[in-house]
Amino acid sequence: MTIQTTIQKEDSMIVQKEMIAGHFEKLAKAGETGKKVVYTFVPGNLNELIRAFDMLPVHPEVNALQSGMRKLSGGYIQEAEKSGHSEDVCAYVKSDLGMLKKGNVGPTGLPLPEPDLLLLSYTGCFTFLKWFELLKAEYGCRVVMLHIPYQAEGKITQEMRDYVTRQIEEVVVPALEEVSGKKLDRGRLEDMLASSARAEELLVDIWNSAKNKPSPIDAYFGGVFYIGPIFTAFRGLPECEDYYRMLKAEVDDRIARKQGPVTPDGEMSQQKYRIVVEGPPNWTSFRDFWKIFADEGVVMVASTYTKVGGLYESGFRHDPKRPLESLGEYCLGCYTNHSLPARVKILQDYIEDFDADGFLINSIKSCNSFSAGQLLMMREVEKRTGRAGGFIETDLVDPRYFSAANIRNRLESYFQMIDARRAGA
Ligand code: SF4
């Protein structure tokens, strides 16, 4: 059974599911409608630009996570391993390649179109490069790379902004013009960026709602649904704004009623632990994973994973007055493009701002980008905040690396640690 049939749904969740299903339908019909297709990754995606050319985006890692939720990824990973990809390769990549080998039928059961362009915004994860090299070998289509300088010093300089803006202007836009056969409509792009900024504002309000006690949202398990439209195919479109308005109204209603988030078993009655979480979730056993925490009365009040496609609380908004520059700034600011010291500071701020009892790292076996340095981060965050840090290990979409029993064991001692610190305080 999949998450879509087992988790209690709110109206916004149903709307989002329909939006995603509609997008996959458009992709399946791209051959008939003549729509051009751009494959691109979530962190640093240039959705407004792609959409301004009437092109349709495909996000390979979203297909992989959806395949994980639908229990399809295990078979795809085995298929990729049979053709020589090692056990240590990012499981998203293997799920995507396995899906391709098995006919490229997407997670909703509809065929996926081939890409007309592979648009690689390089935001801090080396795997992105290798992944598109493999897709280029399969499809033989054009690749455009937008190189995003790493935020090693923890800040974006004007040189970095100029460097990225120039590439968008001189490399990315001309490539999109050639592939789509259209000139860039700057007015249309600006309207989309204004819409993005409005949706971003709403999303920040939604994240901040977790400062309430009880928190009306779970910023991780619920949060992964909240980021769906804005991090993928819809940012810049009116339906994206509508979705966040609807979601905010639901959250405001829960605040007024002093209600917690909806969990796999319905309303959470008592919030015993407020936790900040670092790292992506496990998708193959998502419901069981969430339930382990919900059963213990854990509410996740902030999460770094739900910022991979934009750290909007830091103040960044897409800006129609500086269209290409703000697109570049967006890419530079993605969570995957931040250094370890910056990530430590983000976690520290979350713990303090959201008055968390502790923080938890879900270390992902096959995601080197997120996992490298996490133990060091844990020690440093503990030192700075005095709050308890917990460490568990799972994988994204490889079902061989999820053990509910191991996680429960680790968490048992983790919650004891939090209780002991509370008693000491
Ligand atoms: S290694 Fe991690 S960040 Fe990179 S593509 Fe895989 S899951 Fe994404």
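Student: In what order do the four strands of the open sheet with β8 and β7 stand?

Tutor: This is a predicted model. In this open sheet the pairing is parallel. The edge strands, each pairing on one side only, are β8 and β10 (388-394). Read across the sheet, the order is β8-β7-β9-β10.

Student: What is the bridge partner of Val276 in β9?

Tutor: β7 and β9 run parallel. Four bridges join them. In β9, Val276 is partnered by Phe359.

Student: Which helix packs on this sheet and touches β7, β8 and β9?

Tutor: Look for a helix whose direction makes about 165° with that of β7. Its buried residues, among them Val344, Ile346 and Leu347, pack against β7 (273-278), β8 (298-303) and β9 (358-364), and also against α17 (368-371) and α18 (374-385). The helix is α16.

Student: Why does the distance between the end C-alpha atoms of α16 agree with its number of residues?

Tutor: Helix α16 (residues 340-353) has 14 residues. At 1.5 Å a residue, they should span 20 Å. The end C-alpha atoms agree with that, because they are 20 Å apart.

Student: Which residue just after α16 takes a positive phi?

Tutor: Step just past the end of α16. The phi there is about 45°. The residue is Asp355.

Student: Which residue in β3 stands opposite Tyr39?

Tutor: Strand β1 (residues 37-40) and strand β3 (residues 117-122) run parallel. Three bridges join them. Opposite Tyr39 stands Leu118.

Student: At what angle do the axes of α9 and α15 cross?

Tutor: Two packed helices are described by the angle and the distance between their axes. For helix α9 (residues 158-180) and helix α15 (residues 323-332), the axes come within 8 Å. The crossing is right-handed. The angle is roughly 115°.

Student: How do the residues of the contact of α9 with α15 divide?

Tutor: From α9 come residues including Met160, Val164 and Ile168. From α15 come residues including Leu324, Gly328 and Glu329. The contact divides into six nonpolar, three polar and four charged.

Definitions and conventions:
Residues are numbered from 1 along each chain as its sequence is written. This is a predicted model: local features need pLDDT of at least 70, side-chain atom pairs count only at pLDDT 80 or more; totals for chains, interfaces and linings use all residues. Side-chain values use heavy atoms; hydrogens and water are left out. Axes are lines fitted to C-alpha atoms, for helices over the stretch in contact, and angles run from 0 to 180 degrees between N-to-C directions. Helices (H or I, at least four residues) and strands (E, at least two) are DSSP runs, numbered from the N terminus. A crossing is left-handed if the near helix is turned anticlockwise from the far one by less than a right angle, and right-handed if clockwise. Contact means heavy atoms within 4.5 Å. Ala, Val, Leu, Ile, Met, Phe, Trp, Tyr, Cys and Pro count as nonpolar, Asp, Glu, Lys and Arg as charged, and the others, Gly among them, as polar. The expected span of a helix is 1.5 Å times one less than its number of residues. Buried means under 20% relative accessible area, exposed over 50%, partly exposed in between (1.4 Å probe, protein chains only). Two strands pair if DSSP finds at least two bridges between them.
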